Amino acid sequence: MVLGMSMTSFAAGTGKTTSITVNNAKDATLKYDQIVASDQTNSTTGWKFTSDTYAQAFRTAFEVATDDEAILKLIALGKLEPVPNTNAEAGKINTGVVDTVELGKQFSSALEQIQNTLPDSSKVTADNDSYKLTETATAGLYLITASKTGHTYNPMVAYVAFDNTKTDGSVVPATVAAKGAKDQVKKEIVTVEGNDQGDSVMTGDVIPYKVTVSYPYYPANATNTKFVVKDTVENATLNKD
């Protein structure tokens with residue numbers, strides 16, 4: 001029913017374009033790709049995945065057999081609607097949706113599978129905190145990743161919706177906020193042999209130290225949870241014991 005409404009609104013055409021803006025990602029490297037696009041030939045959902053790689057990731061995550069079933073899960077989750085979804089912003093859950101938490105976990109799992117497959121050709125650097133990523137976005141879902149030395153960002157999804165107040169296929173600009181934080185790494189001396197109290201050291205001193213790191217959040221169903229801390233010792237010898 002939801003997609004039936006939007007299919008009517010874009011019956012006149014699907015070629016309209018608009019912008020996607022990313023906030024809070026200044027100096028970060030951004031990559032993006034469209035993962036779901038409109039499909040007027042699809043009478044079931046009105047949408048299609050843009051590649052089999054993306055389709056397979058969502059079929060697997062949502063535990064369904066067909067692309068249409070996976071897209072229906074996205075609709076249930078509120079990721080595809082005829083107008084931008086404001087429920088999350090208002091702290092509300094989409095009405096009529098059961099087990100939204102589980103759908104959310106599955107959605108995150110799919111993003112995890114495909115976030116490292118985005119094309120390098122889309123790579124850009126955000127030069128301000130309200131960066132216009134593209135002005136040629138068509139209707140559908142876009143996956144966006146951000147990376148910056150010393151920071152960790154969550155993947156973002158932008159939904160470019162049809163404007164249901166018009167019948168010419170017009171689409172609504174999309175804005176997403178980058179969710180990330182500066183990596184927290186603390187390195188401190190625990191004790192120092194000899195007469196020093198940690199204020200200074202001399203050649204030959206053994207200096208026990210501790211590194212404390214805040215690491216990214218991983219969902220319970222995450223499969224790629226490798227996290228590496230690299231500490232390079234200079235002008236000293238590391239005693240591995």
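## Close-up views of a predicted model

Residues are numbered from 1 along each chain as its sequence is written, and side-chain values use heavy atoms, with hydrogens and water left out.

View 1. Helices (H or I, at least four residues) and strands (E, at least two) are DSSP runs, numbered from the N terminus. Among contacts (heavy atoms within 4.5 Å) between residues at least 6 apart in sequence, 66% join residues at least 24 apart.

**View 2. Helix α3 spans residues 67–77.** Look here for A70, I71, L74, I75 and L77, which are buried. They cover an arc of only 165° around the axis, which puts them on the same side of α3; the arc is that of the directions from the helix axis to the C-beta atoms. Just after α3 comes G78, with a positive phi of about 90°.

**View 3. Y32 belongs to strand β2 (residues 29–38).** Leaving aside residues up to four places away in sequence, Y32 touches L118, P119, S122, L133, T134, Y142, L143 and I144. Y32 and L118 are 86 residues apart in sequence, yet 6.1 Å apart in space, C-alpha to C-alpha.

**View 4. S122 sits in the loop between α4 (100–114) and β4 (124–125).** S122 is buried, with a relative accessible area of 9%. Its side chain reaches the backbone nitrogen of Y32 at 3.0 Å. Not counting residues up to four places away in sequence, S122 touches L30, K31 and Y32.

**View 5. The second largest pocket has a volume of about 460 Å³.** On a 1 Å grid over the protein atoms alone, a pocket is an open set of points where a 1.4 Å probe fits, with protein on both sides within 12 Å along at least five of seven lines; lining residues have an atom within 4 Å of a point. The volume is the space filled by probe spheres set on the points, which are joined across faces, edges and corners. Of the 15 residues that line this pocket, I207, Y209, V233, A236 and T237 lie nearest its centre. Strand β11 (residues 185–189) gives the most to the lining, with 3 residues.

Notes
This is a predicted model: local features need pLDDT of at least 70, side-chain atom pairs count only at pLDDT 80 or more; totals for chains, interfaces and linings use all residues. Buried means under 20% relative accessible area, exposed over 50%, partly exposed in between (1.4 Å probe, protein chains only). A polar contact is a pair of N or O atoms within 3.5 Å; within protein, one must be able to donate a hydrogen and the other to accept it, and residues adjacent in sequence count only if both atoms are side-chain atoms.
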